[in-house]
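This briefing goes through one protein chain, from its overall form to single residues. Please keep the sequence and the structure at hand while reading.

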Amino acid sequence: MHTEYTRRAYSFVCLDCGHGWEAEYDIHVTVDDETRIIATYHLDGRAVPSPLQSPRCPACESRKIRIMRPGRVTTAHRYVFAPGLAKTTAAYWLLMQVAMIVGFFTAWPVNGWLIRAGWKERM
Ligand SMILES: [Zn+2]
């Protein structure tokens with residue numbers, strides 16, 4: 001019987017409430033004399049159930065959890081849910097002008113098609 005130690009991190013997202021979190025587990029993998037593999041998971045020094053078998057959302061207790069590679073939740077929080085540029089910066093207003101121009105040229109052919117099809121009146 002011998003034990004090896006490894007460390008694995010996972011990202012979790014609750015499919016019911018959208019809560020996302022990450023955790024890094026210390027895993028003790030023991031192979032006993034009959035070559036059975038026993039893995040025990042430890043989080044912050046205490047034994048916990050395997051997060052891969054019965055994950056549960058800490059926010060709503062749901063069991064509908066998607067497990068992803070580590071860093072996905074951190075990346076989403078950093079880039080997708082970031083507050084963005086402050087409205088007092090020149091970069092914000094420059095990007096707003098770019099967005100207006102892109103929006104105009106995106107809407108132009110669609111509006112032309114809607115007028116030709118008779119679904120929209122000329123202004
Ligand atoms: Zn939840």
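Predicted model: local features only at pLDDT ≥ 70, side-chain atom pairs only at ≥ 80, totals over all residues.

Where is the place of Glu 61? Glu 61 sits in the loop between S4 and S5.

**Overall form**

- The protein has 2 helices and 5 strands, and from the N terminus on these elements follow the order β-β-β-β-β-α-α.
- At 26 Å, the radius of gyration of the protein is well over the 14 Å that the globule rule gives for 123 residues, so the protein is more spread out than a compact globule.
- The C-alpha trace of the protein spans about 80 × 40 × 25 Å along its principal axes.
- Of the 123 residues in the protein, 4% are buried.
- Taking contacts between residues at least 6 apart in sequence, 51% join residues at least 24 apart.

**Domains**

- The domain assignment divides the protein into domain 1 (2-80) and domain 2 (84-123).
- Between the C-alpha centres of domain 1 and domain 2 there are 44 Å.

- An open sheet is formed by 5 strands in the order S4-S3-S2-S1-S5, with antiparallel pairing.
- Strand S4 (46-48) and strand S5 (65-68) are at the edges with a single partner strand each, so one side of each has no neighbour in the sheet.
- On average, neighbouring strands of this sheet are turned by 45 degrees against each other, direction ignored.
- Helix H1 (residues 72-80) packs on the sheet, where it touches strand S1 (2-14), S2 and S5. The direction of H1 makes about 165 degrees with that of S2.

**Pairing and hairpins**

- Strands of a sheet pair through backbone hydrogen bonds, either parallel or antiparallel.
- Strand S2 (residues 20-31) pairs with strand S3 (residues 37-43) over 6 bridges in the antiparallel sense. Within this pairing, His 28 has Thr 40 in S3 as its bridge partner.
- S2 and S3 make a hairpin with 5 residues between them, and Thr 35 in the turn has a positive phi of about 60 degrees.
- S3 and S4 run antiparallel and are joined by 3 bridges. Leu 43 is opposite Arg 46 in S4.
- S3 and S4 also form a hairpin, with 2 residues between them.

**Loop residues**

- Most residues other than glycine have a negative phi.
- Asp 44 is found in the loop between S3 and S4, and its phi is positive, near 55 degrees. With 9 other C-beta atoms within 10 Å, Asp 44 is exposed; the cut-off for this class is 12 or fewer.
- Glu 61, in the loop between S4 and S5, has a positive phi near 70 degrees. Glu 61 counts as exposed because it has 10 C-beta neighbours inside 10 Å.
- Arg 63 lies in the loop between S4 and S5. Arg 63 has 11 C-beta neighbours inside 10 Å and therefore counts as exposed.
- Arg 63 and Cys 14 are 49 residues apart in sequence, while their C-alpha atoms are 7.7 Å apart in space.

Conventions:
Residues numbered from 1 in each chain as written. Helix = DSSP H or I, 4+ residues; strand = E, 2+ residues; numbered from the N terminus. Rg over C-alpha atoms; globule rule 2.2 N^0.38 Å. Buried ≥ 20, exposed ≤ 12 C-beta atoms within 10 Å, placed from the backbone. Contact = placed C-beta atoms within 7 Å. Domains from an automatic or database assignment. Pairing = 2+ DSSP bridges. Axes fitted to C-alpha atoms, helices over the stretch in contact; angles between N-to-C directions.
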